[in-house]
Amino acid sequence: MATALTRKDFISDQEVRWCPGCGDYAILAQVQKVMPELGVARENVVFISGIGCSSRFPYYMNTYGFHTIHGRAPAIATGLKVSRPDLDVWVVTGDGDGLSIGGNHMIHVLRRNVDFNILLFNNRIYGLTKGQYSPTSEVGKVTKSTPAGSVDFPFNPITVALGAQASFVARTIDVEQKHLGEMLKRGHDHRGTSFIEILQNCNIFNDDAFKDVSDKSIKAEHQLVLEHGKPLIFGKNRDRGIRMNGMRPEVVQLGNGVSESDLVVHDEGNLSLAFMLGNFEPPMPTPVGVFYCVARPTYDAAMNQQLEEARAKMGAGDPQKLLRQGDTWTIN
């Protein structure tokens with residue numbers, strides 16, 4: 001009988017090299033805690049990353065891993081999953097790595113629905129290169145590369161993923177350990193590409209970027225936890241909710257004729273609702289949880305089915321014969 005794995009089994013012998021207080025530590029700790037609960041042998045787990053602070057992740061997981069090149073982790077993960085569908089593949093990326101140079105790879109892996117998990121750490125800054133603005137930085141952001149303030153309109157990771165036809169889209173927060181663990185499990189259980197945005201604090205170059213949803217003293221008034229089949233309620237006393245006013249959502253106070261039956265009920269299979277929630281900006285609360293989850297055929301399964309059908313029809317391939325067949329010519 002195999003010995004049950006624990007968190008310690010997934011901790012590598014490498015020194016963790018992030019800035020003290022970085023939100024990445026909390027994410028790493030929760031991933032290591034959740035991995036034994038997934039029931040997958042370490043030799044069947046692979047973490048793949050690109051470039052950035054978050055992309056040091058594979059060094060710290062006692063599994064197989066690739067630390068690849070800037071923005072290309074989804075492409076390498078696709079090749080691995082197609083060739084080894086038995087493996088449990090995780091992609092770790094950042095808002096800079098995944099949504100700038102890697103944006104093209106990101107949108108196409110989402111639409112293809114390759115069966116692996118993407119963890120996108122969003123701190124709205126370039127941390128590894130010491131504080132330049134990123135694709136998710138807000139307009140007016142003053143950084144070393146935008147001393148007069150950024151004029152770029154930022155990407156919204158959630159709506160980017162939804163627009164790319166991702167089949168599973170979620171958001172969580174680095175310091176919300178229980179919720180983070182739940183999202184990791186939900187994403188892992190999903191058949192297809194799971195995309196999880198993790199709001200992560202960079203205390204050196206962009207401290208308190210998500211203070212409104214991470215500070216214990218105020219987060220209840222700014223954080224909307226999404227639960228399938230339940231009304232959209234938030235607030236310290238759970239006395240505020242989201243109601244539709246015609247085609248527009250609005251925040252309402254429960255009581256005085258307004259009840260839970262008047263509120264929007266979350267439906268993970270409703271793409272239009274997911275887009276609406278993904279576009280919430282202050283003074284609307286910030287949604288966390290699963291925005292969208294639907295079943296769809298996966299790219300890796302479809303490709304391997306084609307290969308099996310080709311082998312059944314034409315037999316095993318012969319590379320040497322393939323190279324020498326068809327039109328050939330000789331240049332003297």
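Let's begin in helix α3, where Ala 73, Pro 74, Ala 77, Thr 78, Leu 80, Lys 81 and Val 82 are buried. Here "buried" is under 20% relative accessible area, "exposed" is over 50%, and "partly exposed" is in between (1.4 Å probe, protein chains only). Helices (H or I, at least four residues) and strands (E, at least two) are DSSP runs, numbered from the N terminus. You're looking at a predicted model, so local features need pLDDT of at least 70 and side-chain atom pairs count only at pLDDT 80 or more, while totals for chains, interfaces and linings use all residues. Residues are numbered from 1 along each chain as its sequence is written, and side-chain values use heavy atoms, with hydrogens and water left out.

So what do the buried residues of α3 pack against? Their partners are β1 (45-49), β2 (64-67), β3 (88-94), α5 and α10 (299-314), where contact means heavy atoms within 4.5 Å.

Take α5 from that list. Two packed helices are described by the angle between their axes and the distance between the axes. Helix α3 (residues 73-83) meets helix α5 (residues 103-112) at an angle of about 40°, and their axes are 8 Å apart. (Axes are lines fitted to C-alpha atoms, for helices over the stretch in contact, with angles from 0 to 180 degrees between N-to-C directions.) On the α3 side, Pro 74, Ala 75 and Thr 78 make the contact, and α5 brings His 105, Met 106 and Val 109. By type, that contact holds 4 nonpolar residues, 2 polar ones and no charged ones.

The largest nonpolar core has 38 residues, and Leu 110 and Leu 277 touch the most other members. Such a core is a set of buried Ala, Val, Leu, Ile, Met, Phe, Trp, Tyr and Cys residues joined through side-chain atoms within 4.5 Å. At least two of its residues come from each of β1, α3, β3, α5, β4 (117-122), α6 (157-163), α9 and β11 (286-293). Apart from this core lies another, with 27 residues that include Trp 18, Leu 28, Val 31 and Phe 47. Back to Leu 277: leaving out residues up to four places away in sequence, Leu 277 touches Leu 224, Leu 226, Leu 232, His 266, Pro 287 and Phe 291.

Now for β11, one of the elements that supply the core. Because 7 of its 8 residues are buried, β11 is largely enclosed by the rest of the structure. Which strands are joined to it? Strand β5 (residues 168-173) runs antiparallel to β11, with 4 bridges between them; Ala 170, for instance, has Val 290 as its bridge partner. Strand β7 (residues 223-225) runs parallel to β11, joined by 3 bridges, and there Gln 223 is partnered with Thr 286.

You'll find His 190 in the loop between α7 (177-189) and β6 (194-199). Is His 190 buried or exposed? His 190 counts as buried because its relative accessibility is 9%. Not counting residues up to four places away in sequence, His 190 touches Asp 115, Ser 167, Phe 168, Cys 293 and Val 294.

Next comes an open sheet of 3 strands, in the order β8-β9-β10 with antiparallel pairing. Two strands pair if DSSP finds at least two bridges between them. The edges are β8 (233-234) and β10 (248-253), each pairing on one side only. Strand β9 (residues 240-245) is joined to β8 by 2 bridges and to β10 by 6.

With a relative accessible area of 17%, Val 258 is buried. Beyond residues up to four places away in sequence, Val 258 touches Arg 243, Val 252 and Gln 253. The C-alpha atoms of Val 258 and Gly 241 are 9.6 Å apart, although 17 residues separate them along the chain.

Finally, step back. The protein chain has 11 helices and 11 strands, and 45% of its 332 residues count as buried. Among contacts with a separation of 6 or more, 65% link residues 24 or more positions apart.

Note on methods: Nonpolar A, V, L, I, M, F, W, Y, C, P; charged D, E, K, R; others polar.
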